[in-house]
Amino acid sequence: MYVAADDTDSSTWMCTTFLATELVAAMGDLDLIGPPRLVRLNPAVPWKTRGNGAICLRVGRGAGLRRSIGRIGGREVFCYPRSTGEPDAGEVMERCSRVMDKWSQLDDSDPGLVISERRPDPGLYRRAVSRIITKEEALEAVRKVGGTTYQLNSGRGIIGAASAMSWVPMDRTYEVLTYRRRDRWGTPRDVSVEDVSLIDERFPSTFNNFDHHSGRPAIIPHTTCPILYGVRGDSAMELIEAYRSIASEEVERWMLFMTNQGTDEHIIRQWTALEANSSYEIVGTVAGMPHTVPGGHVIFRLASQGEEVDCAAYEPSKEYRQVARALRPGDRVRVLGELRETPRTLNIEKMEVLELAPSRLKVANPSCPQCGRRMKSVGAGQGYRCRECGTKKRDPVTEGEERSLKPGWYEPPVCSRRHLSMPLSRMGR
Ligand code: ATP
(Lines give C-alpha, C1' and ligand atoms only; values in the text may rest on other atoms or scores of the structure.)
Protein backbone atom coordinates (compact mmCIF):
# COMPACT_ATOMS: atom_id res chain seq x y z
CA MET A 1 0.00 0.00 0.00
CA TYR A 2 1.42 3.39 -1.02
CA VAL A 3 0.90 6.47 1.14
CA ALA A 4 1.84 9.94 -0.16
CA ALA A 5 1.43 13.42 1.27
CA ASP A 6 2.21 17.04 0.43
CA ASP A 7 1.56 20.66 1.36
CA THR A 8 1.23 20.29 5.13
CA ASP A 9 3.69 22.93 6.33
CA SER A 10 3.85 26.72 6.40
CA SER A 11 6.87 28.79 5.38
CA THR A 12 7.97 29.08 9.01
CA TRP A 13 6.90 25.83 10.64
CA MET A 14 7.14 22.10 10.01
CA CYS A 15 8.38 20.15 7.01
CA THR A 16 6.82 17.47 4.82
CA THR A 17 9.71 15.07 5.53
CA PHE A 18 9.08 15.38 9.29
CA LEU A 19 5.48 14.40 8.57
CA ALA A 20 6.92 11.32 6.82
CA THR A 21 8.67 10.30 10.04
CA GLU A 22 5.38 10.77 11.93
CA LEU A 23 3.55 8.64 9.35
CA VAL A 24 6.18 5.90 9.75
CA ALA A 25 5.80 6.06 13.54
CA ALA A 26 2.01 5.76 13.20
CA MET A 27 2.22 2.55 11.14
CA GLY A 28 2.53 0.40 14.27
CA ASP A 29 2.62 -3.27 13.25
CA LEU A 30 2.89 -2.49 9.52
CA ASP A 31 6.32 -2.63 7.87
CA LEU A 32 8.01 -0.19 5.54
CA ILE A 33 8.67 -1.68 2.11
CA GLY A 34 11.71 0.10 0.68
CA PRO A 35 12.88 3.43 2.08
CA PRO A 36 10.51 6.42 2.20
CA ARG A 37 10.75 8.66 -0.86
CA LEU A 38 11.31 12.37 -0.99
CA VAL A 39 10.25 13.50 -4.43
CA ARG A 40 11.02 17.02 -5.63
CA LEU A 41 8.58 18.37 -8.20
CA ASN A 42 8.72 21.31 -10.62
CA PRO A 43 10.91 23.89 -8.83
CA ALA A 44 9.29 26.63 -10.94
CA VAL A 45 5.82 26.19 -9.34
CA PRO A 46 5.04 29.73 -8.14
CA TRP A 47 2.98 28.58 -5.10
CA LYS A 48 5.59 26.25 -3.57
CA THR A 49 6.65 26.97 0.01
CA ARG A 50 10.33 26.01 -0.30
CA GLY A 51 11.77 23.12 -2.29
CA ASN A 52 8.53 21.68 -3.72
CA GLY A 53 9.07 18.32 -2.06
CA ALA A 54 6.40 15.63 -1.52
CA ILE A 55 6.79 12.28 0.25
CA CYS A 56 5.69 8.72 -0.41
CA LEU A 57 5.97 5.52 1.67
CA ARG A 58 5.04 1.96 0.95
CA VAL A 59 3.73 -0.15 3.83
CA GLY A 60 2.86 -3.83 4.04
CA ARG A 61 3.92 -7.10 5.62
CA GLY A 62 7.70 -7.12 5.26
CA ALA A 63 9.65 -10.08 3.86
CA GLY A 64 13.32 -10.59 3.05
CA LEU A 65 16.38 -9.07 4.67
CA ARG A 66 15.48 -5.93 6.60
CA ARG A 67 17.73 -2.85 6.65
CA SER A 68 18.02 -0.21 9.33
CA ILE A 69 17.16 3.16 7.78
CA GLY A 70 16.46 5.39 10.74
CA ARG A 71 15.52 5.95 14.34
CA ILE A 72 12.46 7.73 15.71
CA GLY A 73 12.21 8.51 19.42
CA GLY A 74 14.60 5.71 20.45
CA ARG A 75 13.07 3.06 18.11
CA GLU A 76 15.01 1.81 15.13
CA VAL A 77 13.25 2.00 11.75
CA PHE A 78 13.67 -0.90 9.31
CA CYS A 79 12.59 -1.40 5.74
CA TYR A 80 12.07 -4.64 3.81
CA PRO A 81 12.72 -5.45 0.16
CA ARG A 82 9.21 -6.85 -0.47
CA SER A 83 5.76 -7.30 0.96
CA THR A 84 3.76 -10.52 1.38
CA GLY A 85 0.41 -8.86 1.88
CA GLU A 86 -1.50 -5.61 1.53
CA PRO A 87 -2.90 -3.92 4.63
CA ASP A 88 -6.46 -2.64 4.73
CA ALA A 89 -6.68 0.67 2.85
CA GLY A 90 -9.35 2.07 5.18
CA GLU A 91 -7.23 1.35 8.23
CA VAL A 92 -4.11 2.95 6.67
CA MET A 93 -6.18 6.00 5.70
CA GLU A 94 -7.53 6.28 9.24
CA ARG A 95 -4.02 6.27 10.77
CA CYS A 96 -2.52 8.65 8.21
CA SER A 97 -5.33 11.20 8.19
CA ARG A 98 -5.03 11.46 11.99
CA VAL A 99 -1.30 12.28 11.61
CA MET A 100 -2.14 14.82 8.94
CA ASP A 101 -4.80 16.47 11.10
CA LYS A 102 -2.34 16.74 13.96
CA TRP A 103 0.60 18.28 12.09
CA SER A 104 -0.85 20.34 9.23
CA GLN A 105 -0.34 24.10 9.47
CA LEU A 106 -3.84 24.98 8.34
CA ASP A 107 -3.38 28.76 8.31
CA ASP A 108 -0.92 28.46 5.41
CA SER A 109 -1.22 25.07 3.69
CA ASP A 110 -3.51 22.90 1.55
CA PRO A 111 -2.71 19.35 2.67
CA GLY A 112 -3.33 16.34 0.45
CA LEU A 113 -2.99 12.63 1.23
CA VAL A 114 -3.25 9.77 -1.27
CA ILE A 115 -3.51 6.06 -0.42
CA SER A 116 -3.37 3.43 -3.12
CA GLU A 117 -2.42 -0.19 -3.62
CA ARG A 118 -1.18 0.62 -7.14
CA ARG A 119 0.94 3.54 -8.27
CA PRO A 120 -0.61 6.11 -10.64
CA ASP A 121 0.84 6.22 -14.18
CA PRO A 122 4.49 7.45 -14.10
CA GLY A 123 3.59 10.01 -16.78
CA LEU A 124 2.01 12.03 -13.96
CA TYR A 125 5.40 12.37 -12.25
CA ARG A 126 7.13 13.26 -15.51
CA ARG A 127 4.66 16.12 -16.10
CA ALA A 128 4.65 17.29 -12.47
CA VAL A 129 8.44 17.46 -12.23
CA SER A 130 8.75 19.67 -15.29
CA ARG A 131 5.43 21.49 -15.89
CA ILE A 132 2.40 22.91 -14.10
CA ILE A 133 -0.43 20.41 -13.72
CA THR A 134 -3.94 20.63 -12.29
CA LYS A 135 -5.49 18.93 -9.29
CA GLU A 136 -8.07 17.34 -11.63
CA GLU A 137 -5.26 15.70 -13.61
CA ALA A 138 -3.80 14.25 -10.39
CA LEU A 139 -7.21 13.10 -9.10
CA GLU A 140 -7.94 11.40 -12.42
CA ALA A 141 -4.63 9.48 -12.24
CA VAL A 142 -5.45 8.36 -8.66
CA ARG A 143 -8.99 7.36 -9.64
CA LYS A 144 -7.67 5.19 -12.49
CA VAL A 145 -5.69 3.03 -10.04
CA GLY A 146 -8.49 2.89 -7.46
CA GLY A 147 -6.75 5.08 -4.87
CA THR A 148 -8.39 7.24 -2.22
CA THR A 149 -7.64 10.78 -1.11
CA TYR A 150 -7.97 12.94 1.98
CA GLN A 151 -7.60 16.69 1.98
CA LEU A 152 -7.70 19.77 4.18
CA ASN A 153 -8.42 23.32 2.95
CA SER A 154 -8.26 23.28 -0.87
CA GLY A 155 -6.27 20.00 -0.87
CA ARG A 156 -3.85 21.22 -3.52
CA GLY A 157 -1.27 18.91 -1.91
CA ILE A 158 -2.99 16.04 -3.72
CA ILE A 159 -1.09 17.14 -6.85
CA GLY A 160 2.27 16.66 -5.15
CA ALA A 161 1.20 13.53 -3.26
CA ALA A 162 -0.16 11.71 -6.34
CA SER A 163 2.86 12.77 -8.43
CA ALA A 164 5.33 11.57 -5.78
CA MET A 165 3.52 8.24 -5.65
CA SER A 166 3.79 7.86 -9.43
CA TRP A 167 7.61 8.28 -9.42
CA VAL A 168 9.34 5.16 -10.78
CA PRO A 169 13.05 5.89 -10.27
CA MET A 170 15.22 5.73 -13.41
CA ASP A 171 17.94 7.70 -11.68
CA ARG A 172 17.89 8.20 -7.90
CA THR A 173 19.95 9.52 -5.02
CA TYR A 174 19.51 9.35 -1.25
CA GLU A 175 19.32 11.80 1.63
CA VAL A 176 19.71 11.13 5.33
CA LEU A 177 17.69 13.77 7.18
CA THR A 178 18.19 14.41 10.87
CA TYR A 179 15.70 16.22 13.12
CA ARG A 180 15.96 18.34 16.23
CA ARG A 181 14.40 17.92 19.63
CA ARG A 182 11.04 19.71 19.70
CA ASP A 183 12.20 22.27 22.31
CA ARG A 184 15.06 23.33 19.99
CA TRP A 185 12.87 24.14 16.95
CA GLY A 186 13.40 27.75 15.92
CA THR A 187 16.69 28.17 17.85
CA PRO A 188 20.20 28.37 16.26
CA ARG A 189 21.51 24.95 15.15
CA ASP A 190 24.57 23.45 16.78
CA VAL A 191 26.40 21.37 14.14
CA SER A 192 30.19 20.98 13.75
CA VAL A 193 31.12 23.03 10.67
CA GLU A 194 34.50 21.32 10.60
CA ASP A 195 32.94 17.85 10.42
CA VAL A 196 30.68 19.02 7.58
CA SER A 197 33.68 20.44 5.70
CA LEU A 198 35.34 17.01 5.78
CA ILE A 199 32.40 15.00 4.38
CA ASP A 200 33.33 15.52 0.69
CA GLU A 201 36.74 13.99 1.25
CA ARG A 202 35.70 11.24 3.66
CA PHE A 203 32.60 10.11 1.78
CA PRO A 204 33.13 10.73 -1.94
CA SER A 205 29.71 9.45 -3.02
CA THR A 206 28.03 12.39 -1.20
CA PHE A 207 27.46 15.79 -2.79
CA ASN A 208 26.45 19.40 -2.09
CA ASN A 209 27.77 19.35 1.48
CA PHE A 210 30.04 22.31 1.90
CA ASP A 211 30.86 25.48 0.02
CA HIS A 212 34.64 25.44 0.30
CA HIS A 213 34.85 28.87 -1.37
CA SER A 214 32.75 30.71 1.23
CA GLY A 215 33.42 28.25 4.09
CA ARG A 216 29.68 27.64 4.57
CA PRO A 217 27.94 24.29 5.16
CA ALA A 218 25.15 23.68 2.64
CA ILE A 219 23.47 20.85 4.56
CA ILE A 220 22.00 22.96 7.38
CA PRO A 221 18.72 24.79 6.66
CA HIS A 222 18.31 28.41 7.71
CA THR A 223 14.59 28.12 8.40
CA THR A 224 12.80 27.38 11.69
CA CYS A 225 11.80 23.88 10.47
CA PRO A 226 12.53 20.71 12.53
CA ILE A 227 15.41 19.56 10.29
CA LEU A 228 18.88 19.70 11.81
CA TYR A 229 20.75 18.82 8.61
CA GLY A 230 20.52 16.55 5.56
CA VAL A 231 23.36 14.71 3.80
CA ARG A 232 22.89 13.77 0.13
CA GLY A 233 24.63 11.19 -1.98
CA ASP A 234 24.57 8.18 -4.24
CA SER A 235 25.25 5.48 -1.65
CA ALA A 236 22.69 4.89 1.12
CA MET A 237 25.25 3.05 3.26
CA GLU A 238 27.88 5.75 2.96
CA LEU A 239 25.30 8.43 3.82
CA ILE A 240 24.51 6.74 7.11
CA GLU A 241 28.24 6.68 7.92
CA ALA A 242 28.54 10.32 6.87
CA TYR A 243 25.69 11.33 9.18
CA ARG A 244 27.39 9.50 12.07
CA SER A 245 30.62 11.43 11.44
CA ILE A 246 29.01 14.80 12.26
CA ALA A 247 29.12 16.08 15.83
CA SER A 248 26.01 18.10 16.70
CA GLU A 249 23.27 18.84 19.20
CA GLU A 250 21.06 15.82 19.96
CA VAL A 251 19.53 14.16 16.88
CA GLU A 252 16.00 13.35 18.06
CA ARG A 253 15.30 11.21 14.97
CA TRP A 254 16.79 10.49 11.58
CA MET A 255 15.62 8.74 8.44
CA LEU A 256 17.01 7.73 5.05
CA PHE A 257 15.00 8.87 2.01
CA MET A 258 15.32 7.75 -1.58
CA THR A 259 15.04 10.89 -3.73
CA ASN A 260 15.11 12.33 -7.24
CA GLN A 261 17.42 15.11 -6.03
CA GLY A 262 20.46 15.78 -8.20
CA THR A 263 18.97 14.02 -11.24
CA ASP A 264 18.11 16.98 -13.56
CA GLU A 265 14.71 15.35 -14.16
CA HIS A 266 13.00 18.77 -14.12
CA ILE A 267 14.82 19.82 -17.30
CA ILE A 268 12.89 19.80 -20.59
CA ARG A 269 15.43 18.97 -23.29
CA GLN A 270 13.19 18.70 -26.36
CA TRP A 271 11.14 21.85 -26.86
CA THR A 272 9.58 23.85 -29.64
CA ALA A 273 8.43 26.92 -27.64
CA LEU A 274 9.62 28.13 -24.25
CA GLU A 275 6.85 28.43 -21.66
CA ALA A 276 7.39 30.14 -18.31
CA ASN A 277 7.38 28.09 -15.05
CA SER A 278 9.37 25.21 -16.53
CA SER A 279 13.10 24.51 -16.78
CA TYR A 280 14.94 23.93 -20.06
CA GLU A 281 18.18 22.94 -21.68
CA ILE A 282 18.93 25.49 -24.38
CA VAL A 283 21.83 25.24 -26.81
CA GLY A 284 22.31 28.60 -28.46
CA THR A 285 24.45 31.57 -29.40
CA VAL A 286 25.14 34.51 -27.12
CA ALA A 287 23.38 37.43 -28.81
CA GLY A 288 24.65 40.45 -26.85
CA MET A 289 27.26 41.62 -24.34
CA PRO A 290 26.49 40.49 -20.76
CA HIS A 291 25.49 43.32 -18.44
CA THR A 292 24.97 43.73 -14.72
CA VAL A 293 21.58 45.03 -13.53
CA PRO A 294 20.68 46.64 -10.18
CA GLY A 295 20.87 43.96 -7.49
CA GLY A 296 24.09 42.55 -8.99
CA HIS A 297 22.48 40.01 -11.35
CA VAL A 298 24.32 39.38 -14.64
CA ILE A 299 22.16 39.05 -17.76
CA PHE A 300 23.00 37.98 -21.32
CA ARG A 301 20.81 37.33 -24.34
CA LEU A 302 20.76 33.88 -25.88
CA ALA A 303 19.40 32.99 -29.35
CA SER A 304 18.19 29.45 -30.06
CA GLN A 305 15.68 27.80 -32.40
CA GLY A 306 14.25 31.16 -33.50
CA GLU A 307 13.69 32.37 -29.91
CA GLU A 308 15.69 34.87 -27.88
CA VAL A 309 15.74 34.76 -24.12
CA ASP A 310 17.57 36.68 -21.38
CA CYS A 311 19.65 34.35 -19.21
CA ALA A 312 20.39 35.46 -15.66
CA ALA A 313 23.14 34.56 -13.21
CA TYR A 314 21.58 35.86 -10.01
CA GLU A 315 23.48 37.66 -7.27
CA PRO A 316 23.33 34.74 -4.77
CA SER A 317 25.31 32.62 -7.23
CA LYS A 318 28.26 34.96 -6.37
CA GLU A 319 31.47 34.07 -8.26
CA TYR A 320 29.46 32.09 -10.83
CA ARG A 321 28.43 35.45 -12.25
CA GLN A 322 32.02 35.87 -13.51
CA VAL A 323 31.37 33.07 -16.01
CA ALA A 324 28.29 34.85 -17.39
CA ARG A 325 30.20 38.15 -17.45
CA ALA A 326 33.02 36.59 -19.49
CA LEU A 327 30.71 35.51 -22.34
CA ARG A 328 30.83 37.40 -25.65
CA PRO A 329 28.46 37.69 -28.62
CA GLY A 330 28.84 34.68 -30.89
CA ASP A 331 29.87 32.23 -28.15
CA ARG A 332 28.03 28.87 -28.31
CA VAL A 333 26.70 27.67 -24.96
CA ARG A 334 24.40 25.06 -23.43
CA VAL A 335 22.36 26.61 -20.59
CA LEU A 336 20.13 24.72 -18.14
CA GLY A 337 17.72 26.73 -16.05
CA GLU A 338 14.24 27.81 -15.03
CA LEU A 339 12.26 30.20 -17.19
CA ARG A 340 10.58 32.79 -14.97
CA GLU A 341 7.41 34.61 -15.95
CA THR A 342 8.27 38.15 -14.78
CA PRO A 343 10.81 39.26 -15.62
CA ARG A 344 11.00 36.67 -18.40
CA THR A 345 14.49 35.36 -17.73
CA LEU A 346 16.11 31.95 -17.69
CA ASN A 347 17.63 31.52 -14.23
CA ILE A 348 20.89 29.65 -14.97
CA GLU A 349 21.45 26.46 -12.98
CA LYS A 350 24.36 25.13 -14.98
CA MET A 351 26.15 26.02 -18.18
CA GLU A 352 28.49 24.45 -20.70
CA VAL A 353 30.64 26.72 -22.83
CA LEU A 354 30.80 24.90 -26.16
CA GLU A 355 32.72 27.26 -28.44
CA LEU A 356 34.30 30.68 -28.01
CA ALA A 357 33.87 33.28 -30.73
CA PRO A 358 36.68 35.70 -31.62
CA SER A 359 36.08 38.85 -29.61
CA ARG A 360 37.17 42.47 -30.06
CA LEU A 361 36.75 45.06 -27.33
CA LYS A 362 36.60 48.84 -27.68
CA VAL A 363 39.79 50.56 -26.55
CA ALA A 364 39.12 54.16 -27.68
CA ASN A 365 36.82 56.47 -29.64
CA PRO A 366 37.88 56.67 -33.31
CA SER A 367 39.90 59.57 -34.75
CA CYS A 368 38.24 61.76 -37.38
CA PRO A 369 39.37 60.66 -40.88
CA GLN A 370 39.05 64.34 -42.05
CA CYS A 371 40.73 66.40 -39.32
CA GLY A 372 42.40 63.77 -37.12
CA ARG A 373 40.66 64.84 -33.90
CA ARG A 374 39.22 62.35 -31.39
CA MET A 375 35.52 61.84 -32.16
CA LYS A 376 32.69 61.90 -29.59
CA SER A 377 30.02 59.25 -29.02
CA VAL A 378 26.57 60.29 -30.25
CA GLY A 379 24.80 57.93 -27.85
CA ALA A 380 24.73 54.25 -27.01
CA GLY A 381 24.88 52.23 -30.26
CA GLN A 382 24.61 55.37 -32.45
CA GLY A 383 28.23 55.76 -33.52
CA TYR A 384 30.61 58.75 -33.31
CA ARG A 385 30.77 62.33 -34.63
CA CYS A 386 33.58 64.82 -35.00
CA ARG A 387 32.79 68.02 -33.10
CA GLU A 388 34.99 70.08 -35.45
CA CYS A 389 33.86 68.99 -38.94
CA GLY A 390 30.72 66.86 -38.23
CA THR A 391 32.14 63.73 -39.89
CA LYS A 392 30.40 60.54 -38.68
CA LYS A 393 31.85 57.09 -38.05
CA ARG A 394 30.12 53.93 -36.82
CA ASP A 395 32.78 51.90 -35.04
CA PRO A 396 35.27 52.65 -32.26
CA VAL A 397 38.90 51.54 -32.18
CA THR A 398 38.99 47.90 -31.01
CA GLU A 399 41.56 45.26 -30.28
CA GLY A 400 41.39 41.47 -30.10
CA GLU A 401 40.45 40.21 -26.62
CA GLU A 402 42.33 37.37 -25.02
CA ARG A 403 39.53 35.19 -23.60
CA SER A 404 39.78 34.16 -19.96
CA LEU A 405 36.89 31.68 -20.28
CA LYS A 406 37.60 28.08 -21.29
CA PRO A 407 35.16 25.65 -22.95
CA GLY A 408 33.62 23.26 -20.40
CA TRP A 409 30.96 22.97 -17.72
CA TYR A 410 30.34 25.58 -15.02
CA GLU A 411 28.00 25.26 -12.03
CA PRO A 412 27.06 27.69 -9.24
CA PRO A 413 28.44 27.27 -5.71
CA VAL A 414 26.94 24.52 -3.57
CA CYS A 415 24.73 26.86 -1.50
CA SER A 416 22.88 28.24 -4.52
CA ARG A 417 22.12 24.96 -6.31
CA ARG A 418 18.66 23.60 -6.96
CA HIS A 419 17.60 20.37 -5.19
CA LEU A 420 16.94 18.74 -8.55
CA SER A 421 20.05 20.03 -10.36
CA MET A 422 22.57 17.32 -11.11
CA PRO A 423 25.90 18.39 -9.65
CA LEU A 424 28.83 18.10 -12.07
CA SER A 425 30.33 15.52 -9.69
CA ARG A 426 27.37 13.23 -10.53
CA MET A 427 27.90 13.86 -14.24
CA GLY A 428 31.41 12.42 -13.86
CA ARG A 429 32.97 15.87 -14.28
P1 ATP B 1 8.22 21.93 1.68
O2 ATP B 1 9.44 21.79 0.80
O3 ATP B 1 8.46 22.68 2.90
O4 ATP B 1 7.52 20.61 1.87
P5 ATP B 1 7.03 22.83 -0.64
O6 ATP B 1 8.02 23.75 -1.22
O7 ATP B 1 6.95 21.41 -1.07
O8 ATP B 1 7.18 22.84 0.90
P9 ATP B 1 4.22 23.05 -0.67
O10 ATP B 1 3.71 23.82 0.49
O11 ATP B 1 4.12 21.59 -0.63
O12 ATP B 1 5.69 23.54 -0.93
O13 ATP B 1 3.51 23.63 -1.96
C14 ATP B 1 3.69 23.10 -3.23
C15 ATP B 1 2.29 22.94 -3.83
O16 ATP B 1 2.39 22.84 -5.22
C17 ATP B 1 1.62 21.68 -3.35
O18 ATP B 1 0.27 21.97 -3.13
C19 ATP B 1 1.75 20.71 -4.52
O20 ATP B 1 0.69 19.79 -4.59
C21 ATP B 1 1.73 21.68 -5.67
N22 ATP B 1 2.49 21.23 -6.84
C23 ATP B 1 3.62 20.50 -6.86
N24 ATP B 1 4.01 20.30 -8.12
C25 ATP B 1 3.12 20.89 -8.93
C26 ATP B 1 3.00 21.03 -10.35
N27 ATP B 1 3.88 20.52 -11.18
N28 ATP B 1 1.95 21.72 -10.82
C29 ATP B 1 1.04 22.27 -9.97
N30 ATP B 1 1.12 22.19 -8.63
C31 ATP B 1 2.15 21.51 -8.10
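Which element gives the most to the lining of the second largest pocket? Strand β7 does, with 5 residues. The close-ups below start there. The model is predicted, with local features needing pLDDT of at least 70, side-chain atom pairs counting only at pLDDT 80 or more, and totals for chains, interfaces and linings using all residues. Residues are numbered from 1 along each chain as its sequence is written, and side-chain values use heavy atoms, leaving out hydrogens and water.

View 1. At least two lining residues come from each of α1 (16–26), β2 (31–33) and β7 (75–80). By type, the lining holds 10 nonpolar, 1 polar and 4 charged residues. Here Ala, Val, Leu, Ile, Met, Phe, Trp, Tyr, Cys and Pro count as nonpolar, Asp, Glu, Lys and Arg as charged, and the others, Gly among them, as polar. Helices (H or I, at least four residues) and strands (E, at least two) are DSSP runs, numbered from the N terminus.

**View 2. Thr 173 in strand β11 (residues 173–179).** Thr 173 is buried because its relative accessibility is 0% (buried means under 20% relative accessible area, with a 1.4 Å probe and protein chains only). A polar atom of its side chain lies 2.8 Å from the backbone oxygen of Gln 261. Beyond four places in sequence, Thr 173 touches residues including Phe 207, Asp 234, Phe 257 and Arg 426 (contact means heavy atoms within 4.5 Å).

**View 3. An open sheet of 3 strands, in the order β25-β26-β27.** Pairing is antiparallel, and the edge strands β25 (376–377) and β27 (392–393) each pair on one side only. Strands pair if DSSP finds at least two bridges between them; 2 bridges join β25 to β26 (residues 384–385). Ser 377 stands opposite Tyr 384 in β26.

**View 4. Ala 324 in helix α8 (residues 321–325).** Ala 324 is buried, with a relative accessible area of 1%. Leaving aside neighbours within four places in sequence, Ala 324 contacts Pro 290, Val 298, Phe 300, Ala 313 and Met 351.

Methods: Buried < 20%, exposed > 50% of the residue type's maximum accessible area, 1.4 Å probe, protein only. Polar contact = N/O pair within 3.5 Å; in protein donor to acceptor, adjacent residues only side chain to side chain.
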